[in-house]
Amino acid sequence: MEPITTYEVKSGGQVTATSPISAPSSRKKARTSVAYGALLLFSILYFTRPEDFVPFLGFIPVGKIAGGVALFALLLSWNKLRVKLPVEIKVLLLLFVDLCITIPFAYWRGGAFQTVINGFSKAVIVALLISVIVGTMTELKRLLFIQAASLAAMTAASLVLHPGGTIRLTGALGGVFSNPNDLAINIAITVPIGLAFFFVARRGHRQALWLLAILIMLYGVIATRSRSGFLALAASLAICFWEFGVRGRRIQVLAGGFLLFLFVAGVALATPNYMDRLRSIFQDDVQGAEDHGSRDAREELLRRSVDLTIRNPMFGVGPGNFPAVTQTWRVAHNTYTELSAEAGIPALVIFLLFLGLAFRNLHRMRKSPGYKANPEIRLFTGALWAALIAYVVGAAFADTEYELFPYFLAAYTTALYRISVAYQSVPAQPSISTVVERGYGNGERRDMAWSR
């Protein structure tokens with residue numbers, strides 16, 4: 001929001017602009033700019049993971065540096081935290097407090113402490129930063145661009161390093177991209193954001209590049225042969241078809257959606273055993289599915305996570321402790337039941353409330369001034385709808401409760417809602433005739449103020 005400008009009408013009808021009212025000091029502006037720059041740097045380090053493909057960076061604790069960058073940005077924004085925080089951010093802070101309370105009751109306290117303090121705390125910091133720092137559509141688009149461009153690049157790198165064949169595609173990098181299922185879910189979440197940038201670009205080489213990036217990501221999901229990734233992507237594309245095509249009244253999207261379906265179907269049919277793996281979602285013992293007992297193993301892990309929830313309903317067995325307690329050394333592959341097993345039912349309820357509030361932001365946004373007036377806000381509202389739906393579906397088949405990307409996603413809705421609600425058209429500077437028509441031409445001093 002720009003500072004409010006006051007105009008003074010002097011004798012003779014001359015209109016002059018006076019000093020801005022309540023303009024933020026240059027020092028505060030500088031601190032906000034540095035804090036936003038630190039947030040951008042953190043996003044780049046998180047999504048691109050340079051330490052995994054630049055050799056000498058492997059000896060540098062990039063993860064800790066990224067956490068320090070986020071903490072530095074938070075300290076710079078401390079004054080802004082004194083304003084009223086959005087409800088969803090308060091709920092996230094409540095989840096963090098609840099996870100901290102579970103640490104003394106954990107099966108392995110050291111592991112729980114590491115998970116909450118060194119891991120999940122970054123998610124809280126990032127969500128706080130996005131909610132208080134990001135105040136314009138340009139700033140939000142930069143963050144979304146980093147995520148979309150990084151995922152497209154990482155998918156392309158993975159395809160180059162693991163080209164085709166009978167081996168499932170795995171992430172070229174570590175972290176959230178190292179597992180085929182996690183890579184597929186992350187791509188499914190990011191595809192709608194890439195589509196939004198495709199429409200924002202309108203035409204030319206940028207639109208061509210985004211189309212190429214989207215096709216690479218779609219092929220990447222198929223190459224992972226991830227059943228959970230397929231379900232998340234199907235949900236994501238269905239919402240995109242509705243938001244961008246039907247609701248957005250774009251006939252070209254409806255036609256493009258049909259061509260996109262043909263592309264995905266053709267690649268899926270050409271990928272060895274992929275259709276067999278998809279059939280194994282609904283059928284047992286499908287020949288060629290290469291299941292290797294993973295379905296039965298996951299069903300057993302799901303039962304054990306529910307059993308641990310029933311036995312430890314308040315505090316769970318400790319964040320990050322499910323593999324150690326079950327002695328399987330495997331995660332539950334279900335965000336919701338794993339969180340309830342590790343941190344108790346209260347943590348699960350708070351987590352679901354947090355996601356529900358993110359959806360509420362997008363629902364309420366449709367009635368805001370910015371949504372009705374700004375096409376970009378409408379596009380990214382639809383993209384975040386699709387991304388959140390994809391996450392909710394994919395989270396049922398992956399352990400993501402302590403990862404950062406779902407909290408990035410929810411915080412984007414907070415920032416976009418605030419931008420949309422505060423959105424106002426920028427008026428032109430008042431002319432002399434306009435001032436006179438309003439009765440301000442008699443030589444008296446009058447103030448006319450508005451926010452740009």
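**Exercise A: contacts**

Find the residues that Val 191 touches, leaving out those up to four places away in sequence.

*Solution.* Start with the rule: a contact means heavy atoms within 4.5 Å. Val 191 then touches Ile 214, Met 217, Leu 218, Leu 233 and Leu 237. Val 191 sits in helix α6, residues 180-201 (helices are DSSP runs of H or I, at least four residues; strands are runs of E, at least two; both are numbered from the N terminus). Now check its cover. Val 191 counts as buried because its relative accessibility is 0% (buried is under 20% relative accessible area, exposed is over 50%, partly exposed is in between, with a 1.4 Å probe and protein chains only). Last, look along the chain. Ala 390 is 199 residues from Val 191 in sequence, but the two C-alpha atoms are 9.8 Å apart in space.

This is a predicted model, in which local features need pLDDT of at least 70 and side-chain atom pairs count only at pLDDT 80 or more, while totals for chains, interfaces and linings use all residues. Residues are numbered from 1 along each chain as its sequence is written, and side-chain values use heavy atoms, with hydrogens and water left out.

**Exercise B: confidence**

Which element of the protein chain has the lowest confidence, and which has the highest?

*Solution.* Confidence is given as pLDDT, the predictor's score for each residue, from 0 to 100. Take the whole chain to begin with. The average pLDDT is 79, and 74% of the residues score at least 70. Over residues 1-24, however, pLDDT is below 50; this stretch has 57 contacts in the model beyond near neighbours in sequence. Residues 171-176 also stay under 50, with 24 contacts beyond four places in sequence. Now go to the elements. Strand β3, residues 448-450, is lowest, with a mean of 34. Helix α13, residues 335-343, is highest, at 97.

**Exercise C: the whole chain**

How many helices and strands does the protein chain have, and what share of its residues is buried?

*Solution.* Count the elements: 18 helices and three strands. Then take the cover: 48% of the 452 residues are buried. Finish with the contacts. Of those with a separation of 6 or more, 73% join residues 24 or more positions apart.

*Solution.* A salt bridge is a side-chain nitrogen of Lys or Arg within 4 Å of a carboxyl oxygen of Asp or Glu. The general idea: side chains of opposite charge can pair when their charged atoms come close. The structure holds five such bridges.

- Arg 247 bridges to Glu 243, with the closest N and O atoms 3.6 Å apart. Both lie in helix α8, four residues apart, about one turn of the helix.
- Glu 243 also bridges to Arg 366, at 2.8 Å between the closest N and O atoms. This pair links distant parts of the chain, 123 residues apart: helix α8 and the loop between α14 and α15.
- Asp 307 bridges to Arg 311, with closest N and O atoms 3.2 Å apart. These two are about one helical turn apart because they are four residues apart in helix α11.

Compare their cover. Arg 247 is partly exposed, at 40% relative accessibility. Glu 243 is buried, at 8%, and Arg 366 is buried, at 17%. The side chain of Arg 366 also makes a polar contact with the side chain of Tyr 371, at 2.8 Å (a polar contact is a pair of N or O atoms within 3.5 Å; within protein, one must be able to donate a hydrogen and the other to accept it, and residues adjacent in sequence count only if both atoms are side-chain atoms).

How far from Glu 338 is the nearest side chain of opposite charge?

*Solution.* Sort the charges: Lys and Arg are positive, Asp and Glu negative, and His and the chain ends are not counted. The nearest opposite charge is Arg 298, 11 Å away. Glu 338 is buried yet has no salt bridge. A polar atom of its side chain does lie 2.7 Å from the backbone nitrogen of Ala 332.

**Exercise F: phi angles**

*Solution.* Most residues other than glycine have a negative phi. Arg 225 has a positive phi of about 55°. Gln 327 also has a positive value, near 60°. Arg 225 is buried, at 2%, whereas Gln 327 is partly exposed, at 49%.
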